[in-house]
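Here is a short note for a colleague who is opening this structure for the first time. Please read the points with the model on screen.

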Amino acid sequence: EYIKIDKNGNELVDSAKNWSCVKVKKTGLIWEVKTKDNGIHNMYKKYRWGGITSTGKGGKRYSDWDVLINESNNNSFCGLGNWRAPSKDELERLADRSKAYKPGRKPTINTKYFPNTLYTVYWSGSDVYDEASTWYLTRAYHISFEHSYHGNNPRNFSEPLRIVSKVKTKTVTVKLVGINLILRTRNEYGKNKQFKKKDYHG
């Protein structure tokens with residue numbers, strides 16, 4: 001279900017003791033793993049809502065998490081340069097509801113792969129919008145890793161953010177004397193090249 005990835009984008013064995021990101025096999029999404037050091041990925045860093053890559057139709061926004069996303073992209077964190085805030089649905093799928101309301105106040109996530117997760121709510125990049133009420137322009141969605149469901153808070157609340165990325169897929173079409181070849185290259189850590197022949201006229 002999960003694959004550990006090092007800071008350079010290399011896949012690791014499941015028993016690896018140090019990793020920086022986690023890939024979810026089912027979705028292909030690659031998630032930041034929080035740390036206990038003093039860097040930008042520190043588990044205790046919190047942000048007001050609305051930095052770059054947040055989505056929505058207006059309202060007050062704050063640039064607090066811009067440093068996290070910009071530095072991750074500029075430094076090719078885990079080999080990637082398209083880090084962003086997750087959507088509400090993406091983040092909610094990361095939560096594990098089977099762990100909700102259990103003794104011990106443990107976060108509702110697979111902590112084997114996502115250590116250093118706080119027992120609290122995490123911002124998504126999705127705003128709350130309702131044409132019937134401007135009140136929603138002051139709020140945004142988060143996901144609770146206490147009970148695994150979404151909710152919303154005022155955008156000026158400070159909450160943690162776990163950023164997400166995905167390997168980009170490039171498609172190039174090449175035409176050669178009666179052959180239409182689709183070359184699809186997945187730049188996934190420098191491997192996994194797939195070729196598909198289409199419309200061959202012998």
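1. Two strands pair if DSSP finds at least two bridges between them. Helices (H or I, at least four residues) and strands (E, at least two) are DSSP runs, numbered from the N terminus. This is a predicted model, in which local features need pLDDT of at least 70 and side-chain atom pairs count only at pLDDT 80 or more, while totals for chains, interfaces and linings use all residues. Residues are numbered from 1 along each chain as its sequence is written, and side-chain values use heavy atoms, with hydrogens and water left out.

2. Start with strand 2. Strand 2 pairs with strand 3 in the antiparallel sense, over 3 bridges. In that pairing valine 22 stands opposite tryptophan 31 of strand 3. The hairpin of strands 2 and 3 has 4 residues between the strands, and glycine 28 takes a positive phi there, near 80 degrees. Strand 1 (residues 2-5) also pairs with strand 2, antiparallel, over 4 bridges. Here lysine 4 stands opposite valine 22.

3. Which way do the side chains of strand 2 point? Side chains in a regular strand alternate between the two faces of the sheet. In strand 2 (residues 21-24), Cys21 and Lys23 point one way, and Val22 and Val24 point the other way. All of them are buried, where buried means under 20% relative accessible area, exposed over 50%, and partly exposed in between (1.4 Å probe, protein chains only).

4. Strand 4 and strand 5 pair over 4 bridges, in the antiparallel sense. Aspartate 127 has alanine 140 of strand 5 as its bridge partner.

5. Next, the rings. Rings of Phe, Tyr and Trp (its six-membered ring) pair if their centres lie within 6.5 Å; planes under 30 degrees apart count as stacked, over 60 as edge-to-face and the rest as tilted. The structure holds 5 aromatic pairs. In one of them, tryptophan 49 and tryptophan 65 have ring centres 6.2 Å apart and planes at 90 degrees, so the pair is edge-to-face. Both tryptophans lie in the loop between strand 3 (29-32) and helix 1 (66-74), so the pair ties together parts that are 16 residues apart in sequence. Tryptophan 49 and tryptophan 65 are buried.

6. Another ring pair joins tyrosine 122 and phenylalanine 145. Their centres are 5.3 Å apart and their planes at 85 degrees, so this pair is edge-to-face. Tyrosine 122 lies in strand 4 (residues 121-127), and phenylalanine 145 in the loop between strand 5 (139-144) and strand 6 (150-154), so the pair ties together parts that are 23 residues apart in sequence. Tyrosine 122 counts as buried, at 1% relative accessibility. Phenylalanine 145 is buried too, with a relative accessible area of 1%. Elsewhere, ring pairs link Tyr2, Tyr113 and Phe114 into a cluster.

7. Two lysines deserve a look. A charge sits over a ring if NZ of Lys or CZ of Arg is within 6 Å of the ring centre and within 35 degrees of the ring normal. The charged end of lysine 60 sits over the ring of tyrosine 62, 5.3 Å from its centre. The charged end of lysine 88 sits over the ring of tyrosine 141, with 5.3 Å to the centre.

8. Last, the salt bridges. The term stands for a side-chain nitrogen of Lys or Arg within 4 Å of a carboxyl oxygen of Asp or Glu. By this rule there are 7 salt bridges. Among them is lysine 34 with glutamate 32, the closest N and O atoms being 3.0 Å apart. Both lysine 34 and glutamate 32 are buried. Arginine 48 forms a salt bridge with aspartate 64, at 2.9 Å between the closest N and O atoms. Arginine 48 counts as partly exposed at 32% relative accessibility, and aspartate 64 counts as partly exposed at 26%.
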